[in-house]
Amino acid sequence: MTTEAVALGKGNRSLMASAMAGQAGPVTLVLLAVIAIWYAGAVYMNAPWEIDRFEKHKIDWSAGDLVRATMMQTRPILPAPHQVLMEMNNTIFQKKITSKRSLIYHSWVTLSSTLLGFAIGGILGILLAVGIVHNRTLEKSLMPWVISSQTIPILAIAPMIIVVLGAIGLKGLVPKAIISTYLCFFPITIGMVKGLRSPGVLEMDLMRTFNASRWQTFWMLRWPSSVPFLFTSLKVAIAISLVGAIVGELPTGAQAGLGARLLAGSYYGQTIQIWSALVTAAILAGLLVFLIGVIERVVLKKMGARQ
Amino acid sequence: MIGRWDGFGMAALVFSLLALLLPLASGETTLAWADRSTSLIIVLGFAIVGGLVAWRGVRGLISALAILFLVYLATLMTMQLLDNGVAGSSSWGFWSFILALWALTWRGIASVAAYQTLNKNHQRLVAFFVPACFGFWLLFLWEMVCQGFGVPGVLLPPPSAIFIKLIASLDILWADFVQTFMKAVISGFAMGCASGFIIAILVDRVPFLKRGLLPLGNLVSALPIVGVAPIMVMWFGFDWQSKAAVVVIMTFFPMLVNTVTGLSAAGALELELMRSYGAGYWQTLFKLRLPAAMPFVFNALKINSTLALIGAIVAEFFGTPIVGMGFRISTEVGRMNVDMVWAEIFIAALAGSAFYGVMALMERTVTFWHPSYRTKN
């Protein structure tokens, strides 16, 4: 394994002089280093068990045998990256989408509640921010609670919401979406309050000289100037919305979804399954944030913002 | 003329008069307001005050506070009414009065919130009083809805029941708190933040690493890191060490990214001044760059204080010894002891806010020079 990593490192180092200037080169190299460390860790952590096995069966073994063996375990302590990739390939591309073993199926379960929660939370958050900006009493009484609610470990409530809503007949998508909603509307509220307040005194005065109504000021000044803030908080919100959906899947006893895969994997000691679910979740989160970024760029461009 | 009348006062008047006409409780025993003479007087008084407010508006802080005090008396009365046969069989009259209460509370809070003064202590008092009133009102409404409609405790226990449970099981809650907070959160938080801080200083020395690590660090903050919990439980066992490991991973990256950003916060002018003094790397680091980075470091500490508690609690959902906040929440939910779950959540909220508060306080003492703490005049 080490030979492989060193070779990769050397190959990149020759290119490095030109790549050093940008960000892509360093990022790739750090990524490669992470993978190398991962391989090293896999060998180190899985080796004791393999050595035990060799001794027990009285097999002569060399270092090469050991390294090879540590990467082919079915239940390794730390699976090697290629094992995780193979498992992902197996469960994403080789299985039918409708199959319960397909990671696409589980991702879709998680993604649907993430998106539903995100949509509701987004609308709620924006409405709350509009209320807070336009009503002094609401601001004074509600804002401290919105801020202090950030310091509370909200995820702890997740199991209760799931079980209690399950008791009154609400199962599946909606309870998980409620957790996501709850998690993601706070950052949106805070970001939007900031954004709706971002027009300066000059702009507000100009609106007043135009004799603009509250509604016109909102629609033509406050709302457009809050859009960049909205997208920044949407990125944060969709990431924690996904976390909420994953944690929301834990208490239902591992039925479907990425969280369920994590839990089932930890019940049965299937480390490769845990890691592949984890990597899938990470990819999903990255994709969602990236998607919002793309929408942000398009919308801001249409609004005529300078990039 | 009507347009000048105070809407909330009008609502209070209309709803309290309406309340008097409607039955207080229905079902097995029908109760009317007339059966309870003291309540009758209070509701009548309410109608009068509502009318006065509607007619004259609220002028000054004293009258606003007086209104809120009257509302407080009325809430005590409605609590008593609940104990005397209204619980579970509340009717339109009761809810109509609650609406009247809401209207006057809102008018009172709004008047206090609109109060403007130059006295700093008074400002602080108002800034505390308004949200406190609002919170109290929400708790009251929660209690009313639970008891008035007779919501089963399995679904949503009223705050009073949660409080009773909290007092009764302080020893269990304390043991959970020690296991989760004192052992897992504090040690994980300390290790995660310290390592993030030290690695950040190392990374800062190597521009190459800085360019390579920062984008990745930013990416990691968007990933669902809590997911590593089952792996950590597998590696480090069921006890608090595995939870601390999750906390370390969760707190490491925010600290790393923030500190690296903070280390480049020192201005070019100050840096050149240090150079003109002939200061070396370490002197510049300790005397200028680290102090300048402190606002960013404390930002990370504050973010991490919340993340740490979440990480530890969620990690306990994946397996723990028979003690700990996350363990208690997941098992008591399974046994439908929802009041115990709420008590635990209350403790978690308290611990989270206190932890955050301590960080904010430390920030205030360390970065007292920062513009955001300058007193406004």
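Predicted model: local features only at pLDDT ≥ 70, side-chain atom pairs only at ≥ 80, totals over all residues.

Guide: Residues are numbered from 1 along each chain as its sequence is written, chains are lettered from A and ligands numbered from 1 in the order written, and side-chain values use heavy atoms, without hydrogens and water.

Visitor: How many residues of chain A are in contact with chain B?

Guide: Contact means heavy atoms within 4.5 Å, and 54 residues of chain A meet that rule with 48 residues of chain B.

Visitor: What makes an area between chain A and chain B count as buried?

Guide: Buried area is the accessible area (1.4 Å probe) that two parts lose on being put together, summed over both. For chain A and chain B this is about 4,400 Å², 84% of it on carbon and sulfur atoms. A:Thr151, A:Pro153 and A:Met160 supply 14% of the area that chain A buries against chain B, more than any other three residues.

Visitor: How many salt bridges are there between chain A and chain B?

Guide: A salt bridge needs a side-chain nitrogen of Lys or Arg within 4 Å of a carboxyl oxygen of Asp or Glu; the count between these chains is 0.

Visitor: Which residues lie nearest the centre of the second largest pocket?

Guide: A:Gln150, A:Pro187, A:Val236, A:Ile240 and B:Ile303 do, among 48 lining residues (those with an atom within 4 Å of a point of the pocket, on a 1 Å grid). A pocket is an open set of points where a 1.4 Å probe fits, with protein on both sides within 12 Å along at least five of seven lines. The volume here, the space filled by probe spheres set on the points, is about 2,100 Å³.
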